[in-house]
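Please look at the sequence and the model before reading the solutions.

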Amino acid sequence: MRAALYIDGDSIEARYIASVCGEIRHTDDIIMKKLFRNNGERDAWCDAAHRFHLNEYVSMGKSGENGNVLHMAVEVMADTAENKLERVYIVTGSELIIPLLDKMKLLGVEVVVIGPCGVNRSLVDASDRYIYLEVINGENCTAEIPDIADIAREIFDVSSYYKGMGQNAAAEDIYNGLARRYPDFDVRNYGYSHFATFVQANVQGVVVQMDEKGRTMIEVVDERDDLERFAYEYLAAREYKIDDMNELLGALEDRFPGFTINNYGYHSEYGFILSFPKFEIWENKGIKMKRTFKLSSENNEKDDK
């Protein structure tokens, strides 16, 4: 893609620029790189500007951060119009650019913000994509990122949807969907280098494989036997009955990330519970083990002893 890089030198450190340029180089053709800062003293930014061929825009007045960001915003808008940019990278930790981000969305130009972990969440949410400086620099992510269990559940849900249509889900499509929902989603935030590895380690009930076209696909595998075994053991540990079926459903959700009765073709909790051969409904919303199976389980326990 035709892209441009804009750096707010007053809100980030020069030491990150090597990592920033390395990150962008993998995917885009950067046709311009501009650095904006508020003083002209020779410092680390001067060296970085020379090394990475950054065009410097130095503000000497007293307008401070506001003037610096305003200058950058004007340049971004002008360059977008003149050069037909498809993607813009802005390296900053300042929330003052949020109005610019909103305007760029109206123009249909993707804006990727690269900034520190400690920024206000409003900046992350306003970005098309947000990349943490510390992460691309090989440091740990300290930001408040989406819980890994929630991500795993969403991956399973989407994969199950595709399975219901008789096909497997493309890993790239799921990744892009997560990135749209969570602008800062990146498996590197969780210590992984590849999405496939992240899925294999955190999403139960799926396998990752390549199709005949070389695409990475995610396939939901049938866990019904494991699910039934867990459910039976759960009830046996509670004297073969529970007062509320939601207790078991909650336990299944905790044990099997992404679990939902819809994955098994049911829209009613009652219908799903009754699909277990050993269960019956008890006192309207409870569950208990059928007497025949209960006696069988008790005898097996005695034999084990």
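A residue is called buried under 20% relative accessible area, exposed over 50%, and partly exposed in between (1.4 Å probe, protein chains only). Helices (H or I, at least four residues) and strands (E, at least two) are DSSP runs, numbered from the N terminus. This is a predicted model, in which local features need pLDDT of at least 70 and side-chain atom pairs count only at pLDDT 80 or more, while totals for chains, interfaces and linings use all residues. Residues are numbered from 1 along each chain as its sequence is written, and side-chain values use heavy atoms, with hydrogens and water left out.

**Exercise 1.** Determine which residues of helix α2 are buried, and what covers them.

Solution. Step 1: in α2 (residues 44-51), the buried residues are Trp 45, Cys 46, Ala 48 and Ala 49. Step 2: viewed down the axis of α2, these residues fall within an arc of 165° (taken from the directions from the helix axis to the C-beta atoms), so they line one face of the helix. Step 3: the face turned away from the buried side carries the exposed residues His 50 and Arg 51. Step 4: the cover of the buried residues includes β1 (2-8), α1 (17-25), β2 (29-37) and β3 (55-58), where contact means heavy atoms within 4.5 Å. Step 5: after α2 comes His 53, with a positive phi near 55°.

**Exercise 2.** State the order in which the six strands form an open sheet.

Solution. Step 1: the order is β3-β2-β1-β4-β5-β6, with parallel pairing; two strands pair if DSSP finds at least two bridges between them. Step 2: β3 and β6 (129-132) are the edge strands, each pairing on one side only. Step 3: between β4 (residues 87-91) and β5 (residues 110-115) there are five bridges, and Arg 87 stands opposite Glu 110 in β5.

**Exercise 3.** Identify the residues with the most contacts inside the largest nonpolar core.

Solution. Step 1: a nonpolar core is a set of buried Ala, Val, Leu, Ile, Met, Phe, Trp, Tyr and Cys residues joined through side-chain atoms within 4.5 Å. Step 2: the largest has 29 residues, and those with the most contacts inside it are Tyr 6, Val 88, Ile 90, Ile 97, Leu 101 and Tyr 132. Step 3: apart from this core lies another, of 23 residues, including Ile 17, Ile 24, Ala 49 and Ile 131. Step 4: leaving aside neighbours within four places in sequence, Leu 101 is in contact with Ile 90, Val 111, Val 113, Leu 123, Ala 126 and Ser 127.
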